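Have the model open while you read.

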Amino acid sequence: MQRYPFAYNPSESFNKQVSDWIADVFYDLLPEAGFEVRDEQIYMSFQLERAFADKQTIFAEAGVGTGKTLVYLLHAICHARHTGKPAIIACADESLIEQLVKPEGDIAKLAKHLDLQVDARLGKSMDNYLCLNKLEDSRHKDHEAKLFQQIHNELPDFVTSNTAMQSFYPYGDRKSYPQLDDEQWGKIGWDYFQDCLICERRHRCGQTLSRDHYRKSTELIICSHDFYMEHVWTYEARKREGQLPLLPEHCTVIFDEGHLLEPAAQKALTYKLKHDVFEEILLRLLKGQVRETLAVAIEDGIEQSSTLFNMLRRLSMSVPGSNRKEILYTDELVFEFNRFRDIISTIEEELIFEAALFTLDPYQLRIVEEHLEMIQLALHLYKHSDNLISWVTDDDDGITLVIMPKLVKEVLAERVFSQKMPIIFTSATLSIDGSFDYMAASLGIKQYLSFSVPSPFDYSEQMEVYAPRMQAADLFTEKLEYAVRMLKQTEGRALLLFPAKEEMKAFKQAISNYPECAGMQFGFEGDREISHLITDFQQNEHSVLCAVTLWEGLDVPGPSLSSVIVWALPFPPNDPVYAARRKDAASPFEEVDMPYMLLRLRQGIGRLIRTRDDRGIIVLLSEQLHQSELVTNKVKEILPPGVKWRE
């Protein structure tokens, strides 16, 4: 197979040759296959040439319809072939990954029309895979045991047999179980508290086999922001434990929807503590012969953990629109945190003496030490409480304490942006008032290239915005009835975007009472695996898709998406994460709430017009829109030029 898709001359600049070939692709090769010529793509390609040539970070802001994905894919493929290392494409979430690799997606288009063989493999987050241990528990204990038994029966033979694995293949992907809703998947899918290092099934686990598969990619590995940041955060720890990093050495990383990287980095750097997990790990040590002082310290640690988590349950408060409970810090709670930290220090000291006696299994000892070190790192943040955000979540398995650093730019600067490789940020929304400084500062980027290209669409002819004044005492019913009228007008063909799950759930319960929508098929995020919901929506022209997370990245061209109904302006919730940001802001509404809302709204509006032939309407159902002149003006400012505004 020819290494490059062009005649390579080693005496000339490789990056210049790539850029010239890509220009030929967009001016000649793709137009011959029916694609339209877009000057924006050529401009973007020449800008990316600088980043690849100088191995710099670049912010590539490109409006909807510029075809930015095709540009960065071509550069990434050529660069991977030149360096012999894969390129990483990090998307905002798993649904965007699926859209990139679907049969009619951009990678398939390039392969077909340019006669390219592209080695593109998916590196999905761990919580997208079946956990064999949780499945085993659920098929025996859960009230839906019959459903989970059927899933167990359909596992590949090599999973359940003890024979040698002569042939095997990846399995257990969330996408393979579209019939399960999110609650059902939560009972059998991997979660943060699974201890994979000691799992007897890990070598037959779908997650492990998938990892072996994508690591062998020669060109593209496509993952989520979360997964890439998990790779960065666990890189050193995995090396210490004798494990391979989550991702192999790579030549470049491209952050699609790059404006969402900071929250992904915060999530990856988050610590989660659970009493039951702490107790189970420490009790492993008591199964062998240990000194009495260590046994006493372990018992004290378990008792203190129970005391602390019971107190957290009492001192946590629910937050509307969020599953994060706010913690009410008291002197008593702080005292219990400090005492817990001191007891763990005692256990760590005792383990040093115990290790010298060789009475404990070295592998189990290392696992316990790693877990205690993680807890100490998390609790150490409480010494500088102004630098952390914490909350608790409560579910059937008990409460979980979550601790997150406020700022991640130091870690990113050290572990990501210090590497000598091209790093590409691409999105339609990277700048604020034409400047990329805010984004760069929040991520710890000191030097960067940047450019912006506008959308080529004529929005004045393609889009209208309806912003009715919401004034009724029963606001929910007023919104519902207006939405029903618009759905009837467009005969379905709509995406409904909700700021929170609770509001979507209320809509789902109420919409069945309206006979005007009886013939429409409604799909609700969480009822089934998301990529299957999107496919059904695209294929069933008169259907309606209701979602909380699809403000970004959803790409459904054509008449299936003729209306985007925004149930409420997407201001951030009043949960601990945004409460902390507001606390640090001089003007919280202008510095935190408004930028978040405008960015998310701008992305949501961008779901409507995906090609020059698309036509449609945006409906903004918000009482806040007309209560504040500031909000009204700011929302109008983010609309594409020439769009008609109707009240």
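## Helix packing and cysteines

Helix α3 (residues 68–83) packs against helix α5 (residues 106–113) at an angle of about 65°, and their axes are 10 Å apart. This is a predicted model, where local features need pLDDT of at least 70, side-chain atom pairs count only at pLDDT 80 or more, and totals for chains, interfaces and linings use all residues. Residues are numbered from 1 along each chain as its sequence is written, and side-chain values use heavy atoms, leaving out hydrogens and water.

Helices here are DSSP runs (H or I, at least four residues), numbered from the N terminus. Axes are lines fitted to C-alpha atoms over the stretch in contact, with angles running from 0 to 180 degrees between N-to-C directions.

On the α3 side, Thr69, Leu70, Leu73 and Leu74 meet Asp106, Ile107 and Leu110 of α5, with contact meaning heavy atoms within 4.5 Å.

Further along, helix α23 (residues 576–583) and helix α24 (residues 588–605) pack at about 140°, with axes 8 Å apart. Here Tyr578, Arg581 and Arg582 in α23 touch Pro588, Val592, Asp593 and Tyr596 in α24.

Now the cysteines: searching the whole structure turns up zero disulfides (cysteine sulfur pairs within 2.5 Å).

Definitions and conventions. Helices (H or I, at least four residues) and strands (E, at least two) are DSSP runs, numbered from the N terminus.
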